[in-house]
Amino acid sequence: MNQLKRGFSYWTLAFLITTLLQVFRGSPLDALVFSSGTIILLISSFYPKVHLPGKWFDLVGRWVGVLAFVLLVVFYLIPRHDIWMAYILWAMLPLVLALAWVGPHHAPRMSDPRLHRAQHIWIEWALIVCFWEYAANIIGQFAASNESFPTISLVMDPIMDTHIGKFAFIAAWLWMGYNLIFRLNQPSDEVGLEH
Amino acid sequence: MRWVLNINTHLITANIYLVMLFISLAIIFATMDNKNKRVASLKAMMTKVFVTRTTRIAFIMFWWWVGIHFLFATIHHR
């Protein structure tokens, strides 16, 4: 489904395109993140699968859940753009990547036609949003203006500068990360589709 | 004229993001609990898709980048 051919994933291509955009944008940090991501995805495409046993993965999940609550408080207390924010986030990266790397693996199963329809809706919608965001960024670069064609992050900046906005973002972001690593990563039979 | 999120910027361009947000929420709510029998919920769909290591790493890497982008790096924008 998400394979161009055996071993190579569309995600690698998506990250490579985003790396080029970040280079065009002149953002070394983002270019570093997405180029590293491209390399990691390429390695992942060809490297044999490694799994942590399920019970260990669940145990780690519980501790990471506790850690997420600690991080919620810590991130809220540290001002945005503070260098400690970067230190903690960079320290998190190897942990979350390691957990994504050793998580359980199941071959994609899309037998239900409703899942195919849902997948198409989300892929097409995600592509529209991505194109809009990329276009806003590129046109904004040419216009040399942050405000004429704002990107999502510029639009959200005023919200993120409020306490409630920052807290809501951190909580939602940590919750999504936890779900991505531990909750959605289950054998698909666990989510039933009631008729 | 300022737009609803109170940033002095291009009115139409910025508000299109709000429309995008509402469309995303509409898709989520329309498919939640499989009320829409023709389309599966986001969770059911993601659980089926989000199973290979490469997909997982791609999502996690992007998720982490969103965090560092909004919490640390946006001040360096452009």
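## Helices of chains A and B in a predicted model

Read along its sequence, chain B follows the pattern α-α-α, its secondary structure amounting to three helices and zero strands. The model is a predicted one, and of the 78 residues of chain B, 41% count as buried.

Within chain B, helix H2 (residues 42-49) is largely enclosed by the rest of the structure, because six of its eight residues are buried. These buried residues are Ala44(B), Met45(B), Met46(B), Thr47(B), Lys48(B) and Val49(B), and what covers them includes helix H3 (53-73) of chain B as well as helix H5 (113-143) of chain A.

Helix H3 of chain A (residues 54-77) lies largely in the open, since the number buried among its 24 residues is one.

| Helix | Residues in helix | Buried residues |
|---|---|---|
| H2(B) | eight residues | six residues |
| H3(A) | 24 residues | one residue |

Elsewhere in chain A, helix H1 (residues 10-25) packs against helix H2 (residues 28-46) at an angle of about 160°, with the axes 8 Å apart. That angle makes H1(A) roughly antiparallel to H2(A), and the crossing of H1(A) and H2(A) is left-handed.

Definitions and conventions: Residues numbered from 1 in each chain as written. Chains lettered and ligands numbered in written order. Predicted model: local features only at pLDDT ≥ 70, side-chain atom pairs only at ≥ 80, totals over all residues. Buried ≥ 20, exposed ≤ 12 C-beta atoms within 10 Å, placed from the backbone. Helix = DSSP H or I, 4+ residues; strand = E, 2+ residues; numbered from the N terminus. Contact = placed C-beta atoms within 7 Å. Axes fitted to C-alpha atoms, helices over the stretch in contact; angles between N-to-C directions. Parallel < 35°, antiparallel > 145°, perpendicular 65-115°, else oblique. Left-handed = near helix turned anticlockwise from the far one by under 90°.
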